[in-house]
Structure formats: structure tokens, C-alpha cells
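Colleague: I am new to reading models. Could we go through this one feature by feature?

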Amino acid sequence: MDSGESSDESPVLTKKGKSKTPRKPKASTLKQKSPAEFFAENKNIAGFDNPGKSLYTTVRELVENALDSAESIAELPLIEVTIEEINKSKFNSMIGLIDRERIDEALYGDFETVKAREKRLAKEARFQEIQAKNSALGKKVKEPTAAKGMKGRGEASFYRVTCKDNGRGMPHDDIPNMFGRVLSGTKYGLKQTRGKFGLGAKMALIWSKMSTGLPIEISSSMKNQSYTTFCRLDIDIHRNIPHIHLHEKRDDKENWHGAEIQVVIEGNWTTYRSKILHYMRQMAVITPYAQFMFRFVADTPDKNMSIRFARRTDVMPAVPLETKYHPSAVDLLLIKRLIGETSKQHLLQFLQHEFVNIGKAHAERLIGEMGPDFTSKTQVNSLTSQQIVRMHQLFRQAKFDDPSGDCLSPAGEYNLRLGIVKELQPEMVATFTASAQVFEGHPFIVEAGVSLGGKDVKQGLNIFRFANRIPLLFEQGADVVTRTAMKRINWNSYKINQTQDKIGVFVSIVSTKIPFKGTGKEYIGDDISEIANAVKTSLKQCCIQLKSKIVKKIQAREQQERKRNLSRYIGDATNAIYSILKEASQLHANKKKRLDIKDEDAELLQKVADRSITKEMLSEKLIQHVEQVDYEMAMEYATQSGVKEEPRENIYLQALEPQNKFIDFQTPVFVFRLFH
């Protein structure tokens, strides 16, 4: 080595003149994360931002899984949800931990020093003194504000969430992987699904492991199965595999089918109580064929609550069908995956079988356009990367028919109307379902409803959003439905006051791919013109229906008001008419001035002269006439608007027995059922 060269390991002189050899950087090692570990570290993506939101998301995931399970076997859903509050002592006993008294009080976050205590007591004394003075002067006494406590992490609230359904149930051997392995399930594929990430109860299990360390418990039984499966398990987050505590078969004495899932998690009922109840109510609106039973069991019995959302109909939407990909909606990775999974060998068969709207003639034209390297007999598994890119480029440029909406399963106008009437009891309601449209190769259908009046409805716009028949409660301001209802609809032109009337706006969008925005997938963006236009058109159609009803109501009210005004002048009209008749009768009685009138008129004047017709009789006849006209107008209005003559009690018919065979003919207003 030359003297002018320097080595990387040459010593460095410090201020004290001592030499120091620099440390070698450690060699970086390649690490991998399992899917479970990724979602555990990024739980906010799946809606587990904080304990309160985690409790809400757990309830939502379990309810939606239960609905899917029941609908998959055409069973009217019967779902029971229970949230049980668990205090710290009970939780400690569940995990075998003994409560200990505090030794070092100053170690805790809620510790109050002597100085802080004196300051607080002095503040409370001043407040009481001011309250006494105000009370003596007759002024309004303010309620004392609760002292803000410093809540430590050890004071977390725990809840046992249980969801029971009457659905399909789960195969005995599949249960561990269905709950203990992230990104494994039965809902993957191109079809309309309720889930957002495909996590379901798995994320609730991950949150349970992170917050309480307790396993999840599953009971399940399938139809015509003589046993019930019981499984207690948790998840190995680093390896993404289930850790089974107990997995056994038990006797099914009740002949029950479905699933019951129980998980203990950290949560916050106080802050998310309204969100959970709103979710259950909106779910009852969009699924009136389901019956929900919700219970909250508090630590103190006086805070217990129980709400039943009754079934309103037994007409269920069809089960969504899995469909094939539209050529304009695929990318390179998807084409390669389809090539690897297809059972077809030749390119012509591959195009016809794996994509929608490609017939034999169209496929042959596409192959001819791809170039001389492609033929109908080309082996699919022998296609090079360049050939696949060429195919993808042609898919993006060629014309294809739009996919149909036959694979979609909207709630239906009939069910949407019933749900709105059942939960809100509005004075008026209008619904509309748009025809299927397409966004980036995926079909979608928009259903809308607008109501006026109702219980528990605030003045102004009350917006209810649904995506694939599940409620969306968060990030409402940026959603396409909210912006359309507030900025693109001129409510005044439809005789609706946007600020004074109680307006319910319901929009449900179903699609094989909902274009959610944001990591939490809580709203649909306003930048998609196809969806924005469909929402606007659907709401306008509802408003047009309401306008005709409102105009008829206004006309009937005005006519009734005119008739009522007549009664105010009955007295004056009676006096004027009777005085004219009396004077005419006197003139007719004078032979020299006898009037030349008809016999019936002469008879009337004679009755007035004989006092057979009095002023009181004339007034009574006028009153009867006005009342008769007013009644007829009221009956005409009632017939037009469907108002009942008297209040009646709602009667909900029970579901028909399964052995009865029938065919439903659905219309937006009613369902005609033909029995065999």
C-alpha cells in the first residue's frame, strides 16, 4: 500500500490524543412480516383506531358475517348481539390475576398531590359560594362540572361481544383456519360482498390478543348435522397460523344451525354507544327481512338496555352471483393469474371462458388484431411476457359491451321502502332504483329513497349511506351522496324546504367493486362522474314523486281551508238570505203587488210567511252543507294520499312455513305472491 493511501480502518485521534477505531455498521438482515403482523401494526386500516372504534368495528364485522351466512342458505336472518361490560376485578379473575392494593400512590397517573388537592377544594368552595349567592338572588344555578380525572392505561374497559345467527354454520375442520389465518376465507372472488378487507372476525381476534390476551370462542352447527362444533383459539400473529386451545364435537340436542362467536376485547361503550345503535338501526332499514336483537349488559343493572328490530317482510334479495372479469377491468398481474388458474389450453377458449362479453366471433377478431404471433390454437401457458402485455394493451383500447348487472343483488325498492317506513315512520316516502351502469368495467346499481317527516328525524337533511348493503357512518362530509344531496339538488323546486323540513336521504350503491376512498374505506369519492350522476338522477326521481304528493296535499289543504272559511260567514249569510226571503214573502202576500214566480217558489215564500222555515232552520241547513262538503273533500284527500280514517295498530305477519311453495312478482310498491 502506498503511503499516500488511507485505509477505512485507520485510527482517528480524539481531543485527548487517544486513537479510536470507528465501529463497523451491522450488516442489515432481511425480515418478513406475516399478514397478521402487518394488520396488527396497522390496525387503523381495518377500523381499529382506538378502543371505542374497535368495539364498533367488532360488532359490525360479526353482524355482517351473520347476515351473509343466513342469506347464503336463503334463511330469514335472526341475529342476536350482546355486549357485556366487564369490570377490572372480573377481568382479572378471568385471566387468573389477583387484585393488589397500591403501595406507591405517587406512581399512578391519577395521584393528587397535597397542593393540587388544596387547590381543587378551594375552587369547589368558591363555586359553592357563588351558587349560594345566585340561588338567593333567584338566578339560575349552574350544574357542577365533573372533575377531570387522569385516567391511566390500567383503567381500560373490557367487553364480551357475542353474536349468534341462524345461518349456514361452518365445517368442523375449517373453523381454525377461517378464524386464525388472516387473508383466508370463502368470500374472495369477483362478486358483490359486504366485507371491505376480507378480514371479518380475524381482526377482532387480533385486537383481542393485543388488548386482553384472551382467545375467541366459536360454536357452530350446520343443517342436518348431529353435532355442534366448539372451538377456542387465538392466533400466532408472527406466523399467521391458528393456536388451538380446544376443538371438539358436542351433541346438538336443539337441532340448531348457525354460529355463535364470543370475543373479549378492550373497548369504550360510552363514546361509541350512539354509533353502534345508529349502525343497528340503519342495518334494520336496509335489511327489513332480518330480525335483530341487541342487548347491552352493564356493570350496573340500571344501565342495561335491550332493543328489538322486528322483521317487516319475508322477501329477501337474491344471493349475489360470482362473475367473470370484464376485459377493460383487468391488469397485467390479473391476466397472468388467470392464465395460471385457467383449465383452458388454447387462447380462443381462454378468452371466451375467463372474460365476460367475449363471444367466439369477437375472440377471433381480437386474436387477429394481436398480431401474427397469436392464433386460436396458441397455448395459453406458453405466452411470453411481451405477448401478455400486447393482450393487455388491446383490452384497454378495444370496444366491449358493458357488463350487465345480473350478478348484483340490490336491496330492492320494496325492501328499501319497507325499511324506511318501519324505522322512521315518515309522512311521505319515495324510492327509485336506477338501471345498472358501469365504472371501470365493474357494474353498479344505485337505489335511492327520500322521506319527509318521521320519528327521531332532525330538521334538515338526514343522510343515510349504504355500500353493498352495509351502513357507512364515518367521513360523511366527503362522500358523493352527501355532496350531491347538499349541493346538486335544488330542494325548493320540489316544494321541499332544505332547512325546515325533516328530510331523510337514503342512497344504497351495490357493485362488484365499491370505489372506496381513504384507508378506512368509509366513503365513496365525489370524483367519479358515473356514480355522482347516477346518485343525482336517482334522488331527483324521488323528489319528482314527492313533489306530486306535496302539491296534492297543498291543494287539498287549500280547498279544506276555503270550505272552513264559509262557516265563518254562515251567520251573516243566514241573516241576509232570510231577510230577503221574508221581504219577498210580504210582497207576494199583497195581492196588488203579487210576484210573478213559479209555484215551488211561491210555496217557499208561503212557508217563510207561516214561519214553517225559520232563520234557525236556514242556519242549520247551511252548517250541514258546509260540513258535508268539507267531509267529502277530506275523504278525497285521504284516498289520494293513503291516509287512514283512524289510527290502527301495526300488524307484522309471521314468515311462511318453508314447505309452502310460491313465486314472488315484485313491483316497487307491493309483492304479488302466487302459491302452487
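Colleague: Where is the place of Ala 74?

Modeller: Ala 74 sits in the loop between H2 and strand S3 (78-86). Helices (H or I, at least four residues) and strands (E, at least two) are DSSP runs, numbered from the N terminus. A word on the source: this is a predicted model, where local features need pLDDT of at least 70, side-chain atom pairs count only at pLDDT 80 or more, and totals for chains, interfaces and linings use all residues. Residues are numbered from 1 along each chain as its sequence is written, and side-chain values use heavy atoms, with hydrogens and water left out.

Colleague: What is the phi of Ala 74 near?

Modeller: Start with the general idea. Most residues other than glycine have a negative phi. Now the case here. Ala 74 has a phi near 55°, a positive value in a residue other than glycine. Glu 440 also has a positive phi, near 50°. Glu 440 is in the loop between strand S12 (437-439) and strand S13 (442-452).

Colleague: How many of the residues of the protein chain count as buried?

Modeller: Of the 676 residues, 42% count as buried. The chain has 17 helices and 20 strands. It exposes about 40,200 Å², and carbon and sulfur atoms supply 50% of that. Such areas come from the Shrake-Rupley method with a 1.4 Å probe; for residues, only the protein chains shown count as cover.

Colleague: How many salt bridges are there?

Modeller: The general idea comes before the count. Side chains of opposite charge can pair when their charged atoms come close. A salt bridge is a side-chain nitrogen of Lys or Arg within 4 Å of a carboxyl oxygen of Asp or Glu. By this rule the count comes to 23. One of them joins Lys 53 and Asp 49, with the closest N and O atoms 3.4 Å apart. Lys 53 counts as buried at 10% relative accessibility. Asp 49 is partly exposed at 42%.

Colleague: Which side chain meets Glu 64 in a salt bridge?

Modeller: Arg 60 does, at 3.7 Å, N to O. Both lie in helix H2 (residues 51-71), four residues apart, about one turn of the helix. Glu 64 and Arg 60 are both buried.

Colleague: What is the distance between the closest N and O atoms of Arg 60 and Glu 522?

Modeller: They are 3.7 Å apart, and the two residues form a salt bridge. This pair links distant parts of the chain, 462 residues apart: Arg 60 is in helix H2, and Glu 522 is in the loop between strand S17 (516-517) and strand S18 (523-524). Both Arg 60 and Glu 522 are buried. Salt bridges that share partners join Arg 60, Glu 61, Glu 64 and Glu 522 into one network.

Colleague: Which residues gather in a patch of positive charge?

Modeller: First, the rule. Patches are made of residues with over 30% relative accessible area and no salt bridge: like charges are joined within 9 Å, nonpolar side chains (Val, Leu, Ile, Met, Phe, Trp, Tyr) within 5 Å. Lys and Arg count as positive and Asp and Glu as negative, while His and the chain ends are not counted. A charge is placed at NZ of Lys, CZ of Arg, CG of Asp or CD of Glu. Here, Lys 115, Lys 119, Lys 123 and Arg 126 gather in such a patch on the surface. Lys 119 is in helix H4 (residues 114-136). Lys 119 is exposed, with a relative accessible area of 66%.

Colleague: Which residues form a nonpolar patch?

Modeller: Met 94, Ile 95 and Leu 97 do, with about 240 Å² of accessible area together. Leu 97 is in the loop between helix H3 (88-94) and H4, and is partly exposed at 49%.

Colleague: Which residues is Pro 51 in contact with, leaving aside its neighbours within four places in sequence?

Modeller: Contact means heavy atoms within 4.5 Å. Pro 51 touches Trp 207, Glu 266, Gly 267 and Asn 268 in this sense. Pro 51 lies in helix H2. Among contacts in the chain between residues at least 6 apart in sequence, 73% join residues at least 24 apart.

How values were computed: Buried < 20%, exposed > 50% of the residue type's maximum accessible area, 1.4 Å probe, protein only.
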